[in-house]
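Please examine the sequence and the structure displayed below.

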Amino acid sequence: MPTPIRRTAMALLLCCALLFTVPACGGSDEAGGGATPTSTEEAQKFAKTRFVANAGLAAGATYQWIIKPYRAGKFKEGADGRKLALVKAGLAGAFAYNRLKAASNNAKGDPLLSKAVAPLTAGIDALKDLGTKLRKGQAGDADVGAFEDVINQVKDAGKTAGAEVKEKVPSTSQLGGG
């Protein structure tokens with residue numbers, strides 16, 4: 001298969017994956033099996049742990065597939081691998097938004113973390129449509145900066161509440177909901 005056709009096929013495949021998996025990402029992080037805390041102290045510990053995990057995944061996806069490629073010029077017209085970079089950025093944007101919403105919900109289980117994260121909910125909500133904007137190649141400096149700012153604010157809020165967030169880059173299958 002010639003290279004342009006291969007790229008087009010890959011972009012089409014990833015776009016289809018985005019269309020069919022992003023709606024599935026809307027589930028809350030609170031449902032499902034697993035360990036259930038038996039005391040308030042355990043509930044707070046689980047809340048912080050889940051917050052750190054979700055915020056870390058959001059930060060990792062944002063830096064790996066949105067900020068780094070944007071700074072490297074991968075989103076510019078005519079750049080090598082532009083279409084694939086845009087599709088990955090779109091998936092990463094939707095994934096990061098979903099994980100930030102989950103982290104925000106997790107924070108509600110710990111009083112200190114809840115107070116630290118509460119002012120950030122409007123910023124997180126503002127990211128909702130940026131994944132689509134990235135995928136379509138319509139994102140600019142302000143959009144990429146919005147992701148970076150919210151991630152940094154969430155990391156700072158976690159740190160002040162004793163829940164330090166470290167970036168964890170999700171696999172590409174995690175981005176697609178697999």
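The following text treats the nonpolar core and then the salt bridges.

This is a predicted model, in which local features need pLDDT of at least 70, side-chain atom pairs count only at pLDDT 80 or more, and totals for chains, interfaces and linings use all residues. Residues are numbered from 1 along each chain as its sequence is written, and side-chain values use heavy atoms, with hydrogens and water left out.

A nonpolar core is a set of buried Ala, Val, Leu, Ile, Met, Phe, Trp, Tyr and Cys residues joined through side-chain atoms within 4.5 Å; buried means under 20% relative accessible area, exposed over 50%, and partly exposed in between (1.4 Å probe, protein chains only). The largest such core has 41 residues, and Phe51, Leu100, Leu134 and Val154 have the most contacts inside it. Helix H3 (82-107) is one of the elements that give two or more residues to this core, and H3 gives the most, with twelve residues. Helices here are DSSP runs (H or I, at least four residues), numbered from the N terminus.

Side chains of opposite charge can pair when their charged atoms come close. A salt bridge is a side-chain nitrogen of Lys or Arg within 4 Å of a carboxyl oxygen of Asp or Glu, and by this rule there are five. In one of them, Arg71 pairs with Glu148, the closest N and O atoms being 2.7 Å apart. Arg71 lies in helix H2 and Glu148 in helix H7, so the pair ties together parts that are 77 residues apart in sequence. Arg71 is exposed, at 59% relative accessible area, whereas Glu148 is buried, at 19%.
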